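Please keep the sequence and the 3D view at hand while reading.

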Amino acid sequence: MTSPHLSQATGLRRRAEIAAGSLPPLLVQAEQLAGSVLLGEHGRRRAGMGDDFWQYRVAQPGDSRNMIDHRRSARGDQQFIREREWQIAQTVHVWVDQGGSMRFASKPDLPQKIDRARKLALAASILMLRGGERVGLTGTALPPRSGNMQVLRMAEAFSLNDDTDYAPPEHHAMIPHARGLFISDFLGPFDELQLALGKAADRGLRGVLLQVLDPSEEAFPFSGRTLFESVTGGLRHETLKASALRDRYLERLAERRDGLETLCRATGWQIGLHHTGDSAQTALLWLYHALERTR
Amino acid sequence: MTLLAGIGFTTPWLLLGLLALPILWLLLRAVPPAPVRRVFPAVTLLLGLSDDESLSDRTPWWLLLLRLLAVAAAIIGLSGPVLNPAPSTAGRGPLLLVLDASWVGADNWRQRREQITSKLTEAGRAGRTVALLRLTAPEPLQFQSADVWRSRVAGLGPQPWQPNPDQIATALDHLTAVETGFDTLWFADGLEYPDRDQLISALQARGELQVHQTSANRLGLLPAQVADGAIELTVLRSHTSAEQQVTVLAQGRDPGGTMRVLASVSVDFTAGVDRASARLILPSQLRARITRFELQRIRSAGAVALTDDSLRRREVALISSQTDNEGLVLLSPMHYLRQALQPTAELFEGGLGDLLPANPDVIILADVARLAETEEEQLTEWVEKGGMLLRFAGPRLAASDISRDEEHPLMPVRLRSGGRSLGGAMSWGEPKTLAPFQQGSPFYGLTIPEEVTVSSQVMAQPDPSLADRVIAALGDGTPLVTRKALGQGQVVLFHVTANAEWTSLPLSGLFVDMLERLAVSTAAKPPSADDLEGTIWTPIKVLDGFGRLGEADTLPGVNGPELMEAAAGPDLRPGLYDSGSRTLARNVLRAGDQLQPAIWPRDVPVISAAASAERALGGMLISLALVLLALDVAASLALSGLLHLSRTAALVLGLAAAAWLGLPAQSALAQQGADQLGLSSELALAHVLTGDDQVDEIAHSGLRGLSNTLAFRTSIEPSLPVGVDLERDELAFYPLLYWPITPDQPRPSAAAYTRLNAYLRTGGMILFDTRDANLVGAGASSANARKLQQLARSLDIPPLEPLPADHVLTRAFYLLQDFPGRHQRGELWVEAAPADAEHIEGMPFRNLNDGVTPVVIGSNDWGAAWAVDNNGRPLLPVGRGFAGERQRELAYRFGVNLVMHVLTGNYKSDQVHVPALLDRLGQ
């Protein structure tokens with residue numbers, strides 16, 4: 001005798017196992033990538049609450065007497081106070097474009113854009129989680145938390161695909177003054193991104209945009225009569241002579257990038273560009289330092 | 001109908017279709033190719049961009065040209081073009097085909113046969129009856145339908161002789177037996193032979209005679225002659241006008257027994273000469289191996305010269321006066337003779353009485369003065385029958401009075417008593433050197449080394465005949481080697497010893513050369529008819545018309561004189577003949593033969609040009625059209641960007657083509673090579689396939705788990721593990737073999753053990769795992785342990801000991817005390833430390849063996865502890881709870897240490913010297 005609840009629960013469990021079974025490769029790749037960055041600077045580089053010694057400073061009026069460090073003060077006439085480095089957990093919101101446009105690789109030996117984006121996001125998340133930050137997704141799906149279990153949850157969240165061609169950035173439920181990491185190809189509608197970043201800036205969020213592009217999107221190596229389609233086939237453009245479009249396409253791409261940069265300057269974000277043909281490690285290093293700077 | 005020279009069409013009106021091509025051009029031009037569909041996410045940026053020029057896309061001109069060519073080829077192919085359309089020759093009534101069918105035409109027999117077949121086909125079409133007459137093997141004429149003859153043509157080979165008068169007489173008889181008149185086609189080989197004119201007039205009397213004859217230059221090879229140590233090869237030809245170069249190949253069996261070309265020599269004809277010869281000088285060992293000479297690239301019995309005894313190794317009998325003194329080998333003249341002759345001749349030693357009946361080619365008497373009277377008689381008789389007696393002087397000869405007063409029959413010259421000695425303590429003068437050899441001497445042309453000197457010799461009496469008999473002399477003109485003919489044989493005397501006592505000649509290479517010249521110059525000459533009188537020779541192997549040797553089977557024997565003198569024919573087939581112990585080669589051509597081109601009377605029409613056969617071209621053109629259309633498909637696909645889809649198809653096609661061309665073996669080999677290349681480019685762990693699927697699978701996943709751990713924790717990043725089949729796979733690529741033991745796995749073959757031992761000796765390591773916890777080495781033997789003993793018995797394994805606490809395995813990467821797998825208690829055995837390893841005070845570790853232990857034997861079932869599934873989760877439980885996970889972790893650490901140990905050797909051992917080195921540097 002099996003109750004329907006039980007069978008439902010075991011079915012769910014089984015599906016979850018199957019879903020989680022695909023995680024380890026992504027996790028292992030991301031862990032290995034994250035393992036290549038040594039964590040050097042954790043602290044906030046300013047005096048505050050924390051465990052690590054920061055500096056001695058001369059006691060000033062207003063300091064409590066029990067803050068005086070007697071061992072240091074006994075060496076001279078002045079009284080010193082031992083300050084500790086301010087250590088506080090930051091919150092980081094991660095958004096990875098899971099839309100159809102990311103599921104694209106121009107050659108079989110290149111990774112899809114979405115694979116690279118997920119790997120970088122997860123590796124950066126692992127680094128930040130190891131640094132003690134709270135990491136989560138934008139939106140309500142996975143609120144920021146700390147701890148190693150969060151890596152698993154993030155990996156699980158990254159395993160879902162979006163059916164639309166160009167997914168708009170998720171900008172709900174962002175915690176004020178947190179940090180943001182948005183990874184996408186940013187080829188979708190520009191005003192959605194503008195809206196999302198505007199909202200983030202309103203809440204005091206700063207962060208990093210990483211544009212992931214396929215080499216063919218940068219070079220446009222096409223010629224002849226061509227019918228261009230988006231990944232799901234929703235958008236089409238036909239031309240008789242693709243090589244003649246090249247210059248104008250590149251112009252538009254540069255325009256888009258200019259727009260992104262202007263937007264970032266206005267909102268205090270940083271923008272980076274990564275091609276799937278390049279090594280993931282350099283992109284991760286850049287991401288790591290960019291996130292450091294925005295802290 | 002014939003349009004072009006040499007090309008005709010069966011249905012020429014189809015060619016009108018070519019007129020449609022321009023219309024096709026216009027039609028095809030108007031249809032543009034389909035657009036390429038490309039997935040491109042950045043299409044958002046393209047939306048709204050319009051094409052600048054409204055370019056109407058057209059099919060590229062080369063594609064149009066390709067299609068038009070395909071269509072044109074198809075049209076022309078269908079109209080039935082024929083190359084060399086045969087002009088039909090009229091004629092009716094019976095037809096006689098006369099063939100020379102001798103060795104002369106064997107070289108282009110295939111063309112000849114095709115010609116005959118085409119004539120037969122023609123006659124069949126015209127409904128003529130045909131008879132066929134081979135002049136080399138005449139048979140009664142049978143007029144039959146051409147189809148019957150066509151099936152028999154393949155069986156009519158050329159014979160290895162020319163038509164001789166007897167055969168022509170037979171042929172004439174057969175002709176007169178036919179009552180009706182007939183036309184004649186004569187396929188002649190182009191050489192003259194006797195009584196041909198009778199045949200011509202007889203044939204002309206019965207009807208029209210037409211002669212087909214190729215104008216090729218005919219070549220023949222005469223039997224090889226041996227003269228003065230060289231083989232003389234003479235080539236004959238029928239056309240004498242031009243200069244020509246012909247290569248003669250010497251064929252024989254190599255020491256391995258396979259036929260191969262042992263030497264080759266080129267023969268140059270100058271203009272206007274019908275024969276030319278070349279000399280081939282070969283080491284006698286090589287010469288003895290030659291079984292036949294043949295002209296390069298000519299398949300004919302006349303281009304082959306078989307060899308017989310005349311090239312084989314000489315049989316030399318050595319006879320010395322003194323009994324062998326074992327202690328003084330270097331003083332014995334026999335020693336020098338043996339050394340000189342061993343490589344080139346068969347040597348016999350013994351008494352004269354025993355050796356003479358063996359009838360050797362050469363008898364050497366080293367310092368033998370007197371012979372018994374009967375022996376002397378026998379020896380003289382032997383020499384007179386063609387033997388060669390070689391004598392060396394010496395103290396005994398000098399002391400004896402043989403050939404003193406009158407010339408002894410077995411000495412070439414008279415000798416003065418005592419001899420002379422030069423350059424000694426009691427004599428004036430220096431030791432003498434040799435004078436250059438005179439022309440006419442068999443030694444002429446040999447270079448004389450400066451160090452050859454003569455200090456003693458026996459002297460010849462001056463005689464009127466002396467000058468003729470000297471074939472080598474000293475610098476002062478005194479004879480050194482003399483020779484005289486005796487009957488058919490000869491007697492040669494060296495006036496010095498055969499050892500180094502009197503002269504340094506036996507020490508030099510000149511001695512060997514001189515002996516070789518002498519032995520060679522006595523080579524058996526081709527026996528004359530007189531010698532062969534009364535002998536019967538049985539054929540062993542006979543030549544066919546193409547020059548191939550075949551078994552003689554039941555052919556009758558041949559009288560000796562006939563063998564040498566008669567012309568070859570059905571009763572005397574060229575080949576190898578045998579009588580007693582002697583072998584004779586009878587070749588097609590004899591020394592006096594000539595090759596004379598045939599001359600035909602003026603009223604006989606001779607068609608000499610090699611008629612080229614009719615050939616239909618339609619099939620070729622239609623296949624060309626198909627190939628072009630296939631190219632068109634590929635080109636169209638490429639233009640529309642769809643070729644990548646068909647790449648696999650192209651691969652399949654290419655592979656099929658390769659298979660069709662008979663390359664599968666090579667490609668398989670290449671495949672294997674590529675596999676091995678792949679293996680060698682990356683490190684991989686390997687396990688031995690035991691045949692038990694479950695064990696193999698666990699071993700495989702265990703190594704996968706270990707590989708993952710290595711990749712994650714260390715700089716070793718192995719690729720996927722490999723299961724190796726010891727019988728087939730190359731082991732050299734794997735640093736570590738994990739060998740789980742099962743009781744019922746098969747014992748590897750001897751070849752596999754050879755490779756395993758080579759693997760162990762060249763730095764490989766095998767980890768044996770009996771997987772049964774603690775029974776290895778502990779007296780009590782489990783099934784697995786017994787199996788391990790069986791398996792390892794043939795392996796080259798050094799002495800073992802239980803792992804000492806200071807072994808480098810305990811610290812190659814992790815510091816470990818014990819090495820659990822799925823079991824915990826098993827002992828680990830490694831190569832024993834050398835006996836002289838001692839514990840040094842203050843050092844944590846002994847200085848142990850230099851290198852890597854070739855085997856590690858344990859029982860802890862590590863494979864199971866390491867095993868992970870595809871997602872990296874442990875496959876099998878280890879222990880209980882946290883302690884179990886700890887045990888698994890230690891198992892991984894053991895694996896890491898093991899691989900580190902294999903790859904870095906005793907690197908960690910060396911670290912123990914660091915404090916001492918630093919200490920020393922500091923002072």
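## Sheet, helices and chain contact

B:Leu389 has B:Val491 in S28(B) as its bridge partner. The model that shows this pair is predicted. Five bridges hold strand S21 (residues 388-392) of chain B and strand S28 (residues 489-494) of chain B together, and the pairing is parallel.

Both strands belong to an open sheet of seven strands in chain B, ordered S19-S18-S20-S21-S28-S27-S26, in which the pairing is mixed. Strand S19 (345-349) and strand S26 (470-473) of chain B form the edges, each pairing on one side only. On average, with direction ignored, neighbouring strands of this sheet are turned by 15 degrees against each other.

Helices also meet this sheet. Helix H9 (residues 333-341) of chain B packs on the sheet and touches strand S18 (314-320), S19, strand S20 (362-366) and S21 of chain B. Helix H11 (residues 373-384) of chain B lies across S21, strand S27 (479-486) and S28 of chain B. The table gives the directions of these helices, together with the angle for a pair of helices in chain B.

| Element | Partner | Angle |
|---|---|---|
| H9(B) | S18(B) | about 170 degrees |
| H6(B) | H7(B) | about 10 degrees |

In the helix pair, helix H6 (residues 165-177) and helix H7 (residues 196-206) of chain B have axes 10 Å apart. Angles under 35 degrees count as roughly parallel, so H6(B) and H7(B) are roughly parallel to each other. H6(B) brings B:Ile168, B:Ala171, B:Leu172 and B:Leu175 to the contact, and H7(B) brings B:Gln198, B:Leu199 and B:Ala202. By class, this contact has six nonpolar residues, one polar residue and no charged residues.

How many residues of chain A are in contact with chain B? There are 32 of them, in contact with 22 residues of chain B. On the chain A side, helix H2 (23-35), strand S7 (226-229), strand S8 (236-239) and helix H8 (242-267) each supply at least two residues. The largest share, seven residues, comes from H8(A). By class, the side of chain A that touches chain B has 14 nonpolar, nine polar and nine charged residues.

Strand pairing also links the two chains. S7(A) is joined by four bridges to strand S3 (residues 36-39) of chain B, and the two run parallel. Within S3(B), B:Arg37 stands opposite A:Leu227.

Notes:
Residues numbered from 1 in each chain as written. Chains lettered and ligands numbered in written order. Predicted model: local features only at pLDDT ≥ 70, side-chain atom pairs only at ≥ 80, totals over all residues. Contact = placed C-beta atoms within 7 Å. Nonpolar A, V, L, I, M, F, W, Y, C, P; charged D, E, K, R; others polar. Pairing = 2+ DSSP bridges. Axes fitted to C-alpha atoms, helices over the stretch in contact; angles between N-to-C directions. Parallel < 35°, antiparallel > 145°, perpendicular 65-115°, else oblique.
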